[in-house]
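Subject: Structure handover

Hello,

Here is the structure you were waiting for.

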Amino acid sequence: MRNQSVSLTALVEAELMASGAWLITIRWLAGLGVVLGTFVTHTILNVRLPVVPLYIIGVAILIYNACFRAILARLARAATPAPQAFAYLANAQIGLDWSAMIALIHFSGGLESPAVLYFFFHIIIAAILLSPRATYFWAAMATLLLTIISLLEFAGILPHEHVRDYIGIELYTNPVYVLGRLVFFISTMFVAAYLASTLSSRLRKRETQVVTLSQNLLTAYTRLQTVYESAEAVNSTLELGEVLDRLVRRAADALKVRACSIRLLDETGARLSVAASYGLSDAYTQKGDLLLEHNPLARQVIAGKTIVIGDVTNDARLQYPHEATAEGIRAMLSAPLTGKKGALGLIRAYSVDAQHFTPDDAAFLEAIARVGSIAIENALAYRALGKLDQMKSKFVLTVTHELRSPVSVVRSLMRTILAGYAGDLNTQQREMLTRVQYRADFLQTLIDDLLDLAAGKADLAQREDRVIVRLDEAIARIVERFKIPADEKQIAFEWRCEQCPERTLTISATGEGMDRILNNLISNAIKYTPNGGRVTVHLRADNATAMIEIADSGIGIPPDALPHLFEEFYRAPNAKAQIKEGTGLGLAITKDLVTRYGGHIAVQSQPGQGTIFTLTFPLVTELPM
Amino acid sequence: MANEKILIIDDDDDLVLAMRLPLEAAGYKVSRAANGEEGLRKVKEVNPDLIILDVMMDTTTAGFQVSLALRSPDADSEFQAFSKIPILMLTAIHTTTPLRFGPDAEYLPVDAFLEKPIEPAKLLEQVRAHLRTR
């Protein structure tokens with residue numbers, strides 16, 4: 001808690017400085033008061049007084065006050081004033097004030113002087129500015145000085161200044177008067193010193209408490225803010241590495257410590273490996289895994305306890321005490337990361353100061369750990385999900401690859417048989433073998449489609465070579481392919497692009513993929529449009545996107561089939577009723593390809609009226625390097 | 001009728017059968033090797049007039065290696081005498097590998113591709129065409 005003590009000293013200094021300034025203001029009044037009082041008493045009220053010494057005292061007070069004012073102003077300007085400077089100055093002021101007081105008392109009647117009461121103010125001022133001890137010291141000094149003056153005057157050693165107009169008879173030689181006056185003066189002084197210093201120290205204590213409290217509040221607020229920000233930061237991403245990096249950085253910043261790390265349990269649950277670190281050297285983070293078997297500290301933390309190591313140099317629970325010392329670490333704070341299904345690992349903060357971590361720090365790190373655990377668990381689940389999806393796709397890819405080759409051989413053999421190379425076939429044999437061949441061919445299509453889909457999902461897509469594809473050329477090529485089938489059904493097949501001669505619309509895709517997309521959509525349009533219908537392919541673009549619209553006047557898609565249209569193996573019931581064969585993969589592949597090229601596919605349909613598929617792609621004129 | 005010698009290098013017995021029947025019916029003498037190594041041995045042994053070569057056999061690129069060995073530009077190559085034999089390479093045109101290739105003197109020295117599944121008529125047409133251009 002060094003920070004707090006520093007600011008407390010600063011606070012006391014500031015207070016002393018303010019008090020010093022205040023004292024100087026009061027002293028102007030005191031000096032002027034002595035001069036004016038002497039003038040009024042002597043010149044207006046005609047009281048006989050030792051005028052010259054009293055004026056000198058008044059002027060002297062004003063002069064030394066001016067000096068103190070200059071010194072205080074210089075101290076206030078200094079960048080780093082010595083902490084004791086203000087206390088010295090306060091003592092010097094009180095000392096000079098005391099001397100002036102004594103002189104004033106002496107010249108205004110000694111023990112008989114009414115100015116004796118003014119010592120009261122001095123004690124209160126001392127209590128405000130100085131410690132209780134100093135207050136008692138000055139109270140003792142006051143009584144000592146007054147006693148000495150009284151005794152010296154009593155004994156006739158010091159000449160008594162008698163203000164005759166104030167007190168007619170001379171009392172300073174009366175022992176009872178002297179004794180009574182002194183006893184009451186002394187007791188008043190000490191009681192005043194006690195009361196004033198008690199009050200003042202109580203106030204000071206309160207002041208310290210207020211400052212500490214407000215500082216604690218500020219720290220708590222900052223940490224709360226950090227917990228909140230951490231929660232926000234770590235939940236805004238599902239990338240595990242990023243989640244962990246953000247956690248360690250935030251925790252170290254908020255705890256104001258040098259470093260922070262996260263270790264996660266491995267699959268065996270026996271060792272903790274560094275998953276993220278901040279502020280630690282590579283040598284330290286690579287020193288090795290923590291083995292629960294050999295590491296009682298890690299065992300305790302994994303069991304759910306938050307543990308503070310006050311000093312790494314003498315704690316038997318550490319597995320790597322020498323490495324920690326070499327890294328310059330003296331204190332450690334470890335909190336468990338616990339998920340819904342048990343321990344995930346631990347988060348650890350490192351300080352270069354021994355005994356750095358407070359219970360507040362521990363509670364704070366626990367809060368961060370709780371927030372972090374949720375995020376880590378989410379990220380781990382997301383990662384597992386991604387892996388699973390990829391494994392699934394790899395599996396499908398492998399299986400379909402294995403299926404392809406036998407199907408291909410079956411088809412080759414069927415063709416050889418049907419071509420008559422294995423002997424003559426009778427009509428029934430030929431008919432049945434033709435059916436077999438037909439089914440085998442369909443199987444091949446299904447496998448090829450599946451392979452396409454799985455290849456796209458199994459991350460192979462990233463390896464494909466993207467090129468700049470000219471949309472008008474790609475569309476024209478497919479349109480050409482379907483002219484004959486369209487003619488056979490007397491379908492009005494139209495392809496138009498108003499901007500095309502002027503603008504070259506290009507996107508980033510693969511030639512084959514783009515062929516596949518357009519082929520699937522245009523062949524569907526022609527397939528499901530009755531004779532004499534209409535199919536239109538329309539290309540247009542705005543500044544940033546190209547839009548391809550494929551519209552038909554076909555059988556349409558029932559509303560309850562629309563949400564499933566892009567699902568694998570799904571075929572709308574009316575499509576199935578019209579054409580029996582179909583893999584139900586074409587639109588899934590199309591959507592997959594469109595998405596891969598950064599595009600979007602949308603469908604609108606009215607059963608019995610027709611369907612419009614709309615593709616949008618970002619226009620790209622240059623491939624990113 | 002033709003009686004040229006054709007060597008099929010392919011590990012799949014059934015596919016070999018699907019090719020052998022139409023080829024033999026057309027009068028060709030068909031011999032067969034089941035892997036790349038045996039293929040190269042048979043080339044020397046049979047000295048075929050045409051080779052039908054599969055890609056994936058005991059290794060995934062066995063077919064490429066056979067064609068590269070046969071067409072080696074090295075003057076001291078043991079296959080120098082066989083470098084002019086036409087090679088038809090069996091492929092499935094529908095491929096998921098990002099590898100794009102075509103007949104190429106340096107990288108893939110073959111004369112043409114035969115698509116799977118085998119259409120007997122197309123097979124014979126291609127064989128005849130490449131025997132003629134020899």
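The notes below cover the model itself, then chain A, then chain B.

This is a predicted model, in which local features need pLDDT of at least 70, side-chain atom pairs count only at pLDDT 80 or more, and totals for chains, interfaces and linings use all residues. Residues are numbered from 1 along each chain as its sequence is written, chains are lettered from A and ligands numbered from 1 in the order in which they are written, and side-chain values use heavy atoms, with hydrogens and water left out.

Chain A overall

Chain A has 17 helices and 13 strands; helices (H or I, at least four residues) and strands (E, at least two) are DSSP runs, numbered from the N terminus. Of its 625 residues, 43% count as buried. Buried means under 20% relative accessible area, exposed over 50%, and partly exposed in between (1.4 Å probe, protein chains only). Of the contacts in chain A between residues at least 6 apart in sequence, 68% join residues at least 24 apart; a contact means heavy atoms within 4.5 Å. Chain A exposes about 33000 Å², and carbon and sulfur atoms supply 61% of that area. Accessible areas come from the Shrake-Rupley method with a 1.4 Å probe, and for residues only the protein chains shown count as cover.

The nonpolar patch

Trp22(A), Ile26(A), Leu117(A), Tyr118(A), Phe120(A), Phe121(A), Ile124(A) and Ile128(A) form a nonpolar patch on the surface, with about 750 Å² of accessible area together. Helix H1 (2–44) and helix H4 (119–129) of chain A are the elements that give two or more residues to the nonpolar patch. H4(A) supplies the largest share, 4 residues. Patches are made of residues with over 30% relative accessible area and no salt bridge, with like charges joined within 9 Å and nonpolar side chains (Val, Leu, Ile, Met, Phe, Trp, Tyr) within 5 Å. A salt bridge is a side-chain nitrogen of Lys or Arg within 4 Å of a carboxyl oxygen of Asp or Glu. Ile124(A), in helix H4 of chain A, counts as partly exposed because its relative accessibility is 35%.

Ile186(A)

Ile186(A) sits in helix H6 (residues 175–235) of chain A and is partly exposed, at 28% relative accessible area. Leaving aside neighbours within four places in sequence, Ile186(A) is in contact with Thr143(A) and Thr147(A). Thr143(A) is 43 residues from Ile186(A) along the chain, with 5.5 Å between their C-alpha atoms.

The sheet in chain A

An open sheet of 5 strands has the order S8-S10-S11-S13-S12 (chain A), with mixed pairing; two strands pair if DSSP finds at least two bridges between them. Strand S8 (492–496) and strand S12 (600–606) of chain A are the edge strands, each pairing on one side only. S8(A) runs parallel to strand S10 (residues 534–541) of chain A, joined by 5 bridges. Trp495(A) has Val537(A) in S10(A) as its bridge partner.

The sheet in chain B

In chain B, 5 strands form an open sheet in the order S2-S1-S3-S4-S5, with parallel pairing. Strand S2 (29–33) and strand S5 (112–115) of chain B stand at the edges with a single partner strand each, so one side of each is left without a neighbour in the sheet. Strand S1 (residues 5–9) and strand S3 (residues 50–54) of chain B pair in the parallel sense over 4 bridges, and Ile9(B) stands opposite Leu53(B) in S3(B).

Regards
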